[in-house]
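I opened a new notebook page for this structure. Today I am looking up its salt bridges.

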Amino acid sequence: MTTSKVSQEAQLIDASEKNIADKVLDRINAFQNAGQLKLPNDYHAGNALKGAFLILRETKDRNGKSVLESCTKESIAFALQKMIVLGLNPIKKQCDFIAYGDQLQCSPEYTANEMLAKRYGVKEIHKKEVYKDDEFEDGVDDMGRTIILRHKPCSLDKRTKENIVGVYATVVMEDGTKYSEVMTMEQVRDAWNQGATKGQSPAHKNFPAEMAKKTVSNRITKGIIRSSDDAALFEDDVVKDNTKTAISNLSSAKTTAFADAETIQFQFEEEKTPINSNELTEQEKLEIAQEESDLFGKKK
């Protein structure tokens, strides 16, 4: 390939990226100007978009082709809008971009759930695996919350991946309240079986403790996220005196904004050349639905 042709292709990619970024920012600004979306004060949508495109340039689909070429512009725009509505930073690995056929999806990482939970009242999150020779005991407090009564780890020579029998996560709230989530490895593997690799990826096989801690972290944080309001977003805002009304309006509007990200037809100047790609498999559709359910709860 000649230098001139490479330069022309690079220019086309840059123009395409700018076109998509402009459309997404226009949509986000419209939501904000209409009072339908409130982003965290320390979140910069423009910077997040720049970081996302740096990652997307290196992201390939299952056929080894750049997702910026193989995925539709509409799906790329929707994925980026979802990233911004959730206030995620891809550079910090708070979300991943995955191609399902010609559709790009923004998949929140467990770090995103931890970040969102900390935004809504969590001060600390601690995760630990349990080995079969550990002295471990959990219980329930007078509010029905799971608590860890005792955990004395076994000797180092017995801490092998084959001996892992469970995992737990403990959150410490801003008011000092502590509670935990405990999962057996059977429960963890059941959760892994919902994914495409069925828990058989190299990461799951070689680092089961770390992958199990991610699983239990998702379980404990998503409950906090779903039950929270958006008061934290108004902490330094002039509307904080009317927080309850603002939160009620915002919660409804954020639901609408996210729904719009799935239904609004982005209009682009040039038409996209049809590409040969497989339809989404039932497993891929299930994974997409599971990702949405894990973060937002089941859709009605």
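**Entry 1: E114 and K127.** I am working from a predicted model. I looked up E114 and found a salt bridge to K127, with the closest N and O atoms 2.9 Å apart. Helix α5 (residues 110–119) holds E114, and strand β3 (residues 122–131) holds K127, so this pair ties together parts that are 13 residues apart in sequence.

Is E114 buried or exposed? I noted 12% relative accessibility for E114; buried means under 20%, so E114 counts as buried. K127 has 25% relative accessibility and counts as partly exposed.

**Entry 2: E181 and R219.** Which residue forms a salt bridge with E181? I found R219, and the closest N and O atoms are 3.9 Å apart. E181 sits in strand β7 (residues 178–184), while R219 sits in helix α8 (residues 208–227), so the pair ties together parts that are 38 residues apart in sequence.

I then checked accessibility for both partners. E181 is partly exposed at 23% relative accessibility. R219 is partly exposed too, with a relative accessible area of 33%.

Entry 3: Next I looked for shared partners.

**Entry 4: K93 and D96.** I turned to K93. Its side chain meets that of D96 in a salt bridge, at 2.8 Å from N to O. K93 counts as partly exposed, at 46% relative accessibility.

**Entry 5: the count.** How many salt bridges does the structure hold? I wrote down seven.

Methods:
Residues are numbered from 1 along each chain as its sequence is written. This is a predicted model: local features need pLDDT of at least 70, side-chain atom pairs count only at pLDDT 80 or more; totals for chains, interfaces and linings use all residues. Side-chain values use heavy atoms; hydrogens and water are left out. A salt bridge is a side-chain nitrogen of Lys or Arg within 4 Å of a carboxyl oxygen of Asp or Glu. Buried means under 20% relative accessible area, exposed over 50%, partly exposed in between (1.4 Å probe, protein chains only). Helices (H or I, at least four residues) and strands (E, at least two) are DSSP runs, numbered from the N terminus.
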